[in-house]
Amino acid sequence: VINESGTPIDATLDVRDNGMEAYHMLSGSDGLLKWLTITDRIIYASGVVENSTQISASAGGLKFPDNPRFINMSLSHTELFKEDKTPPNIWISPVKSIYAGGTDLTVSWEVKDNNTAENSTSIYLEDMEGNNTRLIAENLTANGSYTLQVPSENGYFRIAISSKDSVGNGATNETEPFYIDSTSPEIELISPENESVIRDDNITVRISDRSNITIRYSIDNSTDNSTWIHLANISAAGHNIHTEEANISTETWPEGNITLIIEVEDEAGNTNKSLFIFTLDRTAPEIEAETEGDVIKSGIPVNYSISDSHLSGICVYVNGIEVKNRTLTSTTSLSDNLSTDGWSDGGYSIEFTAEDMAGNRAAAFLNISVDNIPPTFAFPEGSIVGRDKNSLPIQISDLHLFRAALITPFYTEQSHLSGITDRIELNVSGWTDGRYGISVKAEDSAGNSLTFIFTLTIDRTSPVISISYPTTMNASQEITIKFNTTDLSGVQRAVLKYRD
């Protein structure tokens, strides 16, 4: 076989005669080579043959080196002196479009050639962006496979396979370009804050990566994939850093402590996992407010209490004006009071609002009246009960009448009052003439009270009249008539009538 440079390659001819041992008739620079000349033409003793795929020649009179004798010899060999200018044909197995940095890549190849040479195949990794080529392995067989670890870099690469045949013809074949992504996806919590108390809010995360990514999450960190929820697929064109936000709804989550696991995997197989802790609270605060009644005197406090697992703030408004605002931390309950010192008479609308850390709000309302004026009394004209009277009405007035107590020498009576003006009856039936001490105490709903003490005179007896006068007199004589009237309740008027 002669390669392109014309350098001869040694050939050997084995001749057997009657089963005897073999003799080398053509090898190296032995005798036959002196006879067979290798030039740009192929010369035989019997003639010249050019560009033949089958060469046959015969020669006679050749002498064996060890046992001289004459024989007739025929030489025949197919393609013994074929010229080869065709490079090898290299097939390479397809590769994926993207690999994670530091992972294995296996490539297979097959070299086809009429004069295949063993251990003449090499593998190269070409950096298409850095314009450099790295030798991965050499002296490999014509057919085989090789597993290499791709570098932990970002960029476009390809695999090149180079091989030479036995006469030195070389060829190179390359894979399609592939991308190496050595960057794990990034997960950033946008809102709400980690370890915060939330309501039915969306949880927003920001995902960044150089390749297409898949996002899933779990709220119980289960190894059962059926409990993981697919969130989104995000495409990143051109393998540039791509950032996108995704929202996770908490609407179906149970109340309580939640451990959220977000797992992201990119197209190359790089993964990242983040853990966030939230407390889900959908329950609004509870508010209780009370005072001693709907009507109070100024100075009586309005008591209120607020409870919640994650109470964060309260406000109190009086007639629409904020009078108290408190921000709370790590508080589950609050008891306080609202002072009414200095409040004037009138109606007041009080609003209590509370909010927890999740944003749940509650409100409670309390309407009260402030009354600082005690009731007033009114009696009918005079306070003397005559013979034809068995009761005495006592009128009591107040904006918030409540009750009255009547104390006499003979009985004590409690009466409930209503309206703005009401009255009680002092029953004196059966009472004998005389003077009696009476006490009346009136109280309104605010607790204002007034006690009135007076003396009641019972007089059912007519006045007593005594007259003294002369029994005899002269005509036209002035006389003096004397009279005296007495009565328990006093005499208002005396009338003197006479007739002749």
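This is a predicted model: local features need pLDDT of at least 70, side-chain atom pairs count only at pLDDT 80 or more; totals for chains, interfaces and linings use all residues.
**View 1. Side-chain directions along strand 15 (residues 178-181).** Phe-178 and Ile-180 point one way from strand 15. Tyr-179 and Asp-181 point the other way. All four named residues of strand 15 are buried.

**View 2. Parallel pairing of strand 8 (residues 98-100) with strand 15.** Strand 8 is joined to strand 15 by three bridges, and the two run parallel. Within this pairing, Ile-98 stands opposite Tyr-179 of strand 15. The side chain of Tyr-179 points the other way from those of Phe-178 and Ile-180.

**View 3. Antiparallel pairing of strand 13 (residues 155-165) with strand 15.** Three bridges link strand 13 to strand 15, and these strands run antiparallel. Phe-157 has Phe-178 of strand 15 as its bridge partner. Phe-178 is buried, and it points the same way as Ile-180.

**View 4. An open sheet of three strands, in the order 30-32-35.** Pairing in this sheet is antiparallel. Strand 30 (376-378) and strand 35 (421-427) stand at the edges and have a single partner strand each, so one side of each lacks a neighbour in the sheet. From one strand to the next, the twist averages 30 degrees.

**View 5. Pairing of strand 32 (residues 391-397) with strand 35.** Seven bridges connect strand 32 and strand 35 in the antiparallel sense. One of the residue pairs involves Ser-397, whose bridge partner in strand 35 is Thr-421. Strand 35 stands at an edge of the sheet.

Notes. Residues are numbered from 1 along each chain as its sequence is written. Side-chain values use heavy atoms; hydrogens and water are left out. Buried means under 20% relative accessible area, exposed over 50%, partly exposed in between (1.4 Å probe, protein chains only). Two strands pair if DSSP finds at least two bridges between them. Axes are lines fitted to C-alpha atoms, for helices over the stretch in contact, and angles run from 0 to 180 degrees between N-to-C directions.
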